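Dear colleague,

Please find the structure below, together with its sequence. My notes on it follow.

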Amino acid sequence: MSAKIKITFTKSAIGYSQKQKDTVRGLGFTKLNQSVVQEDSPVIRGMIHKVKHLVSVEAVSETE
């Protein structure tokens, strides 16, 4: 079973490049302060790294 991570959209993407806005949308966010749970993969980690100043990340335990 692969690990999961919880990502929270904490800061607005207004004023940032269109690529960063597209990355935020690609992670599954539609609203500010929204949280999504994603599989922990290199692709998702790369997307998080591109917008690390806009999101916060935490590990999700297997029981959740």
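G28 comes after helix α1 and has a positive phi, near 105 degrees. Helices (H or I, at least four residues) and strands (E, at least two) are DSSP runs, numbered from the N terminus. This is a predicted model, in which local features need pLDDT of at least 70 and side-chain atom pairs count only at pLDDT 80 or more, while totals for chains, interfaces and linings use all residues. Residues are numbered from 1 along each chain as its sequence is written, and side-chain values use heavy atoms, with hydrogens and water left out.

Helix α1 spans residues 18–26, and Q20, T23 and V24 are buried in it (buried is under 20% relative accessible area, exposed over 50%, partly exposed in between; 1.4 Å probe, protein chains only). Viewed down the axis of α1, these buried residues fall within an arc of 100 degrees, so they line one face of the helix; the arc is taken from the directions from the helix axis to the C-beta atoms. Their cover includes β1 (4–9) and α2 (42–50). On the face turned away from the buried side are the exposed residues Q18, K19 and R25. D22, also in α1, is partly exposed, at a relative accessible area of 45%.

With kind regards

Definitions and conventions. Contact = heavy atoms within 4.5 Å.
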